[in-house]
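Please read the following report alongside the sequence and the coordinates. It moves from a surface patch to the interfaces and then to the salt bridges.

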Amino acid sequence: MDATEIGLWGVPLAILGGAIRVSTPFIFVSLGEAITERSGRINLGLEGTLVFGAMTAYAVAVMTNSPWLGLLAAAAAGLCFGLFHGWICKFPKVNDIAIGIALMLFGSGLAFFFGKPFIKPKAPNLPAIPFGAWSDIPQVQAALDVNVLFLIGAALSLVLWWAFRNTRAGLIVRVVGDSSDAARAMGLNPNTVRLLATGVGGALAGIGGAYLSLYYPGSWTERISSGQGLMAVALVIFARWNPLGCFAAALLFGGAGALGPALQSVGVTQGYYLFYAAPYILTLIIMIATSSPTRSLAGAPGELSITK
Amino acid sequence: MHEGSRKAVGVETIGMTMRFGAFTALGDVSIKVPTGSFHALLGENGAGKSTLVKCMMGFYHPTSGDILVDGREVAIASPRDASALGLGMVYQHFTLVPSLTGAENLVISREKVPGIIDWRKERGELAVFMERMPFKLPLDVKVAELAAGEKQKLEIVKQLYLGRSFLVLDEPTSVLTPGEAQEVLGLVRGMTKAGDLTVLMISHKFHEVTAFADDVSVLRKGKLTGTGRVADLDHKAMAAMMIGDQPIAALDSRAAPKPDAEIVLKVKSLKAPDRTGLKSIRIEDLGVHSGEIVGIAGISGNGQKEFLEVLAGQRPRDAGEVLVRGSTYAATRAEARALNVRLIPEEPLKNACAPKMTVAENISFRTFDIDSNGKPVSWISASAIRAFSARLVEQFKVKTASLASPIASLSGGNVQRAVLARELTGEVDLLIVSNPCFGLDFSAVAEIRARIMKARNAGAAVLLMSEDLDELLELSDRIFVMSDGALVYETSIAQASVQTIGEHMAGHH
């Protein structure tokens with residue numbers, strides 16, 4: 001059987017499959033960034049964290065032959081990057097955006113430096129669950145081969161959505177993100193809360209990186225991320241800092257990213273390269289459509305340096 | 001945990017002294033606030049009121065002096081100690097978190113919050129607690145969506161929820177409309193009468209002190225200059241204690257309006273989106289004559305701010321015309337200069353100044369790039385800027401350490417004086433003013449109002465938007481009421497009644 005047998009149905013199916021496959025790193029990075037931004041800080045360095053996480057996960061998986069140890073190592077590396085960002089930003093007159101850009105370059109550079117020996121070897125992959133086993137059609141099977149990390153990400157977005165309303169930690173993060181003064185009046189130290197929030201955000205971005213190198217595309221190369229970490233930051237704004245919104249937006253971006261390959265697979269030979277740019281064009285369109293010069297951004301944390 | 005039923009406590013300070021280096025902010029101040037009383041603390045900016053209450057709240061450690069709570073001497077080393085004794089403070093600026101709901105704000109400010117919040121249980125307890133409160137508040141709405149009066153009530157409720165029974169209110173009505181102020185203070189007064197609460201209110205509004213307080217203490221330059229029962233003191237006596245013998249600017253008498261005065265500002269069928277983008281403001285027809293002050297009253301959030309922003313060129317308009325002396329006005333710098341339009345927006349530090357630039361530079365914004373003949377210059381002369389601003393600083397009594405200080409380092413009253421100096425110097429045909437006296441003290445208010453009246457008498461057309469109805473009644477020749485984005489009522493000052501204006505402000509008409 002080949003793609004032509006199910007005809008044009010292959011396109012939505014491939015988009016669905018692509019959405020599930022491509023969206024997972026977006027989900028983790030954007031959930032991490034949502035936590036960080038809800039606490040009133042922006043970490044643009046998540047792109048670097050993502051790449052470094054991908055390298056760490058791959059290297060550790062190659063050496064220990066366990067993808068799960070790789071995943072843990074990536075989370076730990078991401079945590080370190082996040083804590084480093086949070087620690088620098090607590091000093092007065094430090095701009096979190098500038099530090100983020102510096103860490104983005106630093107993380108990528110460091111990953112390339114340590115990652116050179118791991119370009120060739122093959123690491124074990126993270127497991128996937130074949131939800132499509134009931135079908136005989138290989139396209140359906142391929143599309144519904146869902147990685148466990150996607151499921152964890154989906155659950156995590158629900159948990160975070162709940163936790164921002166119903167737990168002390170969630171409320172504290174929101175208080176700190178919205179008003180440093182109010183937080184201090186309650187005896188909270190905004191810097192500590194932001195340090196932890198940035199750390200957790202970094203760890204989640206590291207996990208997103210592990211998914212890249214250990215499942216899809218599933219190998220370590222220097223071009224592994226192509227700006228996904230940065231797009232996830234934009235996605236948080238588009239999702240209005242809502243974890244469920246982050247999940248939906250990540251799916252949307254994943255689907256858009258799968259458009260090009262899907263069209264190619266059903267035999268569209270001209271102009272499909274344009275569709276490879278779909279996620280980027282979508283970012284632009286969404287940002288333009290949802291912004292307004294006369295309205296302020298609804299739901300933005302008050303202490304965020306871009307909205308101040 | 002959080003019992004609002006704790007009985008009121010009385011607080012007394014004995015010989016409070018606070019020195020910062022060689023400067024004595026507070027010298028030997030003893031005041032007594034008995035249990036269940038409503039005590040007012042009067043004083044100009046910088047008189048030491050906030051130093052005194054910060055000592056009571058544990059933010060400052062006094063150089064010497066003692067604090068007694070319910071007659072027992074206590075040591076208050078930190079705000080935490082103060083709250084353990086039941087002492088709480090409601091700040092002038094809101095300390096609620098805007099994006100959280102009222103209920104979330106209350107629960108998270110508690111000392112002990114469980115890791116996972118059982119909202120059903122909390123809501124039940126809050127409902128029981130709110131039943132004992134004289135305030136009715138929606139607790140499930142985000143604080144950002146509450147009106148200023150509701151926020152102020154929630155601040156007070158929060159203190160009571162936390163079990164405080166002695167409250168310092170720092171100018172609690174400065175952000176409220178007259179109606180809201182009456183309501184909030186009336187309810188607080190009721191609670192002190194019932195013995196649930198003791199209140200120390202910082203204020204500069206005499207009529208509030210007279211209407212609500214039992215006793216008053218007055219500070220000037222860090223010294224207690226008077227204290228006594230409010231019933232025994234009139235406004236004149238309080239003013240004398242507060243400002244001493246320095247002269248208060250008197251309002252110019254109102255020059256009779258000319259019957260054939262030219263219409264300077266004309267607004268026709270103006271339509272613009274408001275800040276939510278969901279509603280719009282509509283000004284059908286508004287004319288302001290030369291030599292008159294037209295006041296616009298209204299509860300904040302009814303479109304006054306947007307209207308001012310349109311006039312100031314900060315907000316695009318959908319339709320309609322703004323004419324100044326018959327020519328269209330789009331608020332460009334060239335037009336403002338040619339037509340002599342001047343603007344004093346609210347919150348001048350934010351809207352009319354570059355906060356980190358110097359006082360001299362800020363004062364020269366209108367004139368720095370033209371020479372004495374009005375021709376553009378190619379080189380800016382720093383000495384001309386200095387000479388010009390030195391003259392204005394002198395003339396408008398702006399208190400500043402130096403002309404080279406950043407304007408953000410000045411007090412609110414002096415920032416407003418600097419802005420007035422800039423806007424009122426030279427020919428003024430149209431003056432647009434919004435809440436000019438917000439948060440300023442007695443002598444600054446008197447002086448600023450006198451300046452505006454002087455500009456009117458000199459022939460300027462003045463459009464004055466204010467949330468302070470007293471101010472409008474004092475200055476205006478005609479008053480409009482703005483409600484829900486439109487001008488709904490017009491009256492001349494002779495026929496104006498607070499009652500009718502208030503009804504239109506509230507939307508009952």
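## A loop residue and a surface patch

Where in chain B is B:Ile116 found? B:Ile116 sits in the loop between α3 (102–108) and α4 (119–131) of chain B, where helices (H or I, at least four residues) and strands (E, at least two) are DSSP runs numbered from the N terminus. This is a predicted model, in which local features need pLDDT of at least 70 and side-chain atom pairs count only at pLDDT 80 or more, while totals for chains, interfaces and linings use all residues. Residues are numbered from 1 along each chain as its sequence is written, chains are lettered from A and ligands numbered from 1 in the order in which they are written, and side-chain values use heavy atoms, with hydrogens and water left out.

B:Ile116 counts as exposed because its relative accessibility is 54%; here buried means under 20% relative accessible area, exposed over 50%, and partly exposed in between (1.4 Å probe, protein chains only). Together with A:Leu158, A:Trp161 and A:Trp162, B:Ile116 forms a nonpolar patch on the surface, with about 400 Å² of accessible area in total. Accessible areas come from the Shrake-Rupley method with a 1.4 Å probe, and for residues only the protein chains shown count as cover. Patches are made of residues with over 30% relative accessible area and no salt bridge, like charges being joined within 9 Å and nonpolar side chains (Val, Leu, Ile, Met, Phe, Trp, Tyr) within 5 Å.

## Between the chains

The contact (heavy atoms within 4.5 Å) involves 16 residues from chain A and 20 residues from chain B. About 1,600 Å² is buried between chain A and chain B, with carbon and sulfur atoms giving 63% of that area; buried area is the accessible area (1.4 Å probe) that two parts lose on being put together, summed over both.

One salt bridge is counted between chain A and chain B, the term requiring a side-chain nitrogen of Lys or Arg within 4 Å of a carboxyl oxygen of Asp or Glu. B:Glu104 forms a salt bridge with A:Arg174, and the closest N and O atoms of this pair are 3.1 Å apart.

## Domains of chain B

Chain B is divided into domain 1 (11–243), domain 2 (262–340 + 427–508) and domain 3 (354–426), with bounds that come from an automatic or database domain assignment. The C-alpha centres of domain 1 and domain 2 of chain B lie 34 Å apart, and twelve residues of domain 1 are in contact with ten residues of domain 2.

## Salt bridges within chain B

Over all chains, the structure holds 26 salt bridges. One of them joins the side chains of B:Asp285 and B:Lys266 at 3.0 Å, N to O. This pair links distant parts of the chain, with B:Asp285 in strand β12 (residues 280–289) and B:Lys266 in strand β11 (residues 263–273) of chain B, 19 residues apart.

The side chains of B:Arg325 and B:Asp429 also meet in a salt bridge, at 2.5 Å from N to O. B:Arg325 is partly exposed at 38% relative accessibility, whereas B:Asp429, at 12%, counts as buried. A network of salt bridges links B:Arg449, B:Asp468, B:Glu471 and B:Glu474.
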